[in-house]
Amino acid sequence: MRILFYDLSSQAEPWLAQLRAAFPQAQVELWQSGAAPADYALVWAPPQQLLDEQTALKALFNIGAGVDALMQRRLPPGVPIFRIDDAGMAVQMAEYVCQAVIRHFRGLDRVQADAREGRWQQPKPLRRSDFPVGVMGLGVLGQRVLAALRVFEFPLLGWSRTPHHLDGVRTYSGPGQLNEFLAGTRVLVNLLPLTAETENILNGQTLSQLKPGGYLINVARGRHLVDEDLLALLASGQLSGATLDVFRQEPLPAEHPFWRHPAITITPHTSARTLRDESVTQIIAKIHRLQAGDAPHSIGGWVKTELRY
Ligand code: GLV
């Protein structure tokens, strides 16, 4: 068996070592131009050349939850694609989104700014029922985030492409129900996959429908958001602020106005990181199942490639 690895954003050696330990008979290598045909490849944002050259793959593993970078490439026909299926990402996303919602709800940014100035200033308690939180994208991450938010008793809404039924969540689906979802939401959390349909979905027209004092938490992809529209809605007071973890260009360029905007909290694409041990263990288990002849669609994290970017 031959396994290739390509991810310029992570240290390759520990991944290679764990794969070699799991498959001592296999050749496990970093991809390079002209590499011999492999059975499996673990990739993050691979070059087109890798996908064109690797004609014997039994599966491709995307080393992350979002497959948009991969889906924008020409894919080898008929090769099943798997993405990281939770592997410790969902709990991280739940932590991150809960802290952002709570920080906003409790006015903790203001409290901290006051404290730095030596001011003892208690914020006025707000009514939880005035802070409905709406999550766009009801996959593994979206559902985990909603389950975590439920503990704090915010009214919860969810929107996704296809209908879902989730306990304690008012759910909406498809473009026809988007406006109703937005109109009932004050704190909007974006966890959608990036596709041709969802690119720029966070724009002036959609964001202006949020309840007064609307707040945006974008933890999916920068290209979901029209940056200028967010700035305009903040300037007009239609939105009260945003927490942004993802950006059109990463790292966020030094001159970008988001950095210095007083109502925007920036984090460096860190809401849910790929955890190497959990992820490699999951991929190894999937390779075992594929080798044993299990159908790809019966294995978690299988990507329906018709959802092309
Ligand atoms: C991170 O953004 C991921 O898609 O895993």
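How do the residues of the lining of the second largest pocket divide into nonpolar, polar and charged?

Modeller: Happy to. This is a predicted model, so local features need pLDDT of at least 70 and side-chain atom pairs 80 or more, while totals for chains, interfaces and linings use all residues. Residues are numbered from 1 along each chain as its sequence is written, and side-chain values use heavy atoms, without hydrogens or water.

The lining divides into seven nonpolar, five polar and four charged residues (Ala, Val, Leu, Ile, Met, Phe, Trp, Tyr, Cys and Pro are nonpolar; Asp, Glu, Lys and Arg charged; the others, Gly among them, polar). The pocket (on a 1 Å grid over the protein atoms alone, an open set of points with protein on both sides within 12 Å along at least five of seven lines) has a volume of about 370 Å³, taken as the space filled by probe spheres set on points joined across faces, edges and corners. Of its 16 lining residues, those nearest the centre are His-104, Asp-109, Arg-110, Pro-262 and Ala-263 (lining means an atom within 4 Å of a point). Helices H4 (89–105) and H5 (108–116) and strands S11 and S12 each give two or more residues (DSSP runs numbered from the N terminus: helices H or I, at least four residues; strands E, at least two). H5 contributes the largest share, three residues.

S11 and S12 also lead us to helix H9. Strands S11 (239–244) and S12 (264–266) are among the elements covering the buried residues of H9 (227–235), together with helix H8 (204–207) and strand S10 (214–218); covering rests on contact, heavy atoms within 4.5 Å. Those buried residues are Asp-227, Leu-230, Leu-233 and Leu-234 (buried is under 20% relative accessible area, exposed over 50%, partly exposed in between, with a 1.4 Å probe and protein chains only). Down the axis of H9 they fall within an arc of 130°, so they line one face of the helix; the arc uses directions from the axis to the C-beta atoms. Glu-228 and Ala-235 are exposed on the face turned away from that buried side. Just after H9, Gly-237 takes a positive phi of about 85°.

For contrast, look at strand S7 (156–160), where five of five residues are buried. Leu-156, Gly-158 and Ser-160 lie on one side, with Leu-157 and Trp-159 on the other, and both faces are covered. Side chains alternate between the two faces of the sheet in a regular strand.

Definitions and conventions. 1 Å grid on protein atoms, 1.4 Å probe; cavity = no way out; pocket = protein on both sides within 12 Å on 5 of 7 lines; lining within 4 Å.
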